[in-house]
Amino acid sequence: MSITCENELLGMRKISEVVGLTLKEMRDYAKPGMTTKHLDEFGGDILKGYGAASAPRLTYGFPGWTCISVNNEIAHGIPSAKTIIKEGDLVNIDVSAELNGFWADNGGSFVLGEDIHGHQGLVNASKEILHKAIHSIRGGVRISEVGKLIETEARKAGYRVIKNLTGHGVGRSLHEEPAEIANCYDPYNKKRFRKNSVVAVETFISTASTIANTQHDGWTLMGNRGGYVAQHEQTIIITGDKPEILTACNGIWD
């Protein structure tokens with residue numbers, strides 16, 4: 001969407017604050033020995049407390065309030081009473097929701113407890129690359145150039161990117177134009193970011209895989225070559241200068 005009036009700006013700021021705080025509180029609440037279903041229900045209760053509706057549940061009938069992916073899972077992990085998170089796990093939480101007709105999206109990977117498996121370098125790279133990518137965006141910049149930046153920075157850090165998962169427009173629905181803000185350079189994408197528009201920008205930084213494949217449950221995504229992936233995502237408003245990061249309260253850069 002494009003922000004055309006004060007009410008739209010206030011609406012986007014509010015729902016973005018809701019999803020940002022929900023993500024932060026879920027990350028802080030997560031403890032070894034907890035099931036992903038328990039963690040998801042905690043997040044669902046926060047969203048309900050704000051009067052917000054889970055976006056994946058509302059839009060796609062997703063079987064959870066949030067998406068929680070563990071270790072080799074890249075994204076869209078289904079919260080389960082059988083999945084117990086453990087010390088050192090690589091955990092990703094993605095929270096998106098709707099409130100009063102406005103939608104926002106954010107996510108982040110983190111190491112649970114002590115980094116006994118050495119995932120923190122990957123997590124840090126994903127966060128840092130997202131920060132660089134977002135601060136390169138302003139009205140008129142080619143979308144493909146941001147993909148090129150993400151891919152180049154990942155390669156410099158010794159990682160790869162997932163090429164078939166992308167950021168997207170957001171605001172009046174969960175997924176809007178531009179439909180694909182890729183993590184790699186696409187020379188055929190001639191579109192440019194538009195000033196005053198709202199987008200969700202996300203990194204998918206990988207140790208081995210380059211393609212995400214849907215598993216038999218119809219939701220969970222895993223890499224074509226195994227390994228691990230860290231994802232971080234913020235909803236922003238594009239300006240003529242520095243973007244407004246609407247979901248900054250999620251604390252993924254703290």
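Reader: At what relative accessibility does Ile 211 stand, and as what does it count?

Author: The model is a predicted one, in which local features need pLDDT of at least 70 and side-chain atom pairs count only at pLDDT 80 or more, while totals for chains, interfaces and linings use all residues. Residues are numbered from 1 along each chain as its sequence is written, and side-chain values use heavy atoms, with hydrogens and water left out.

Ile 211 has a relative accessibility of 29% and so counts as partly exposed, a class that lies between buried, under 20% relative accessible area, and exposed, over 50% (1.4 Å probe, protein chains only). The residue sits in the loop between strand E9 (198-206) and strand E10 (212-214); strands (E, at least two residues) and helices (H or I, at least four) are DSSP runs, numbered from the N terminus. Leaving aside residues up to four places away in sequence, Ile 211 touches Ile 162, Lys 163 and Asn 164, together with Met 222, Gly 223 and Asn 224, where contact means heavy atoms within 4.5 Å. Between the C-alpha atoms of Ile 211 and Glu 244, which are 33 residues apart along the chain, the separation is 30 Å.

Another loop residue, Asn 196, is found between E8 and E9, and because its relative accessibility is 34%, Asn 196 too counts as partly exposed. Although Asn 196 is not a glycine, its phi is positive, at about 75 degrees.

Ser 109 is buried, with a relative accessible area of 5%, and its side chain reaches the backbone nitrogen of Gln 231 at 2.9 Å. Among the residues that Ser 109 touches, not counting those up to four places away in sequence, are Leu 90, Val 91, Asn 92 and Val 123, as well as Val 229, Ala 230 and His 232.

Notes. Polar contact = N/O pair within 3.5 Å; in protein donor to acceptor, adjacent residues only side chain to side chain.
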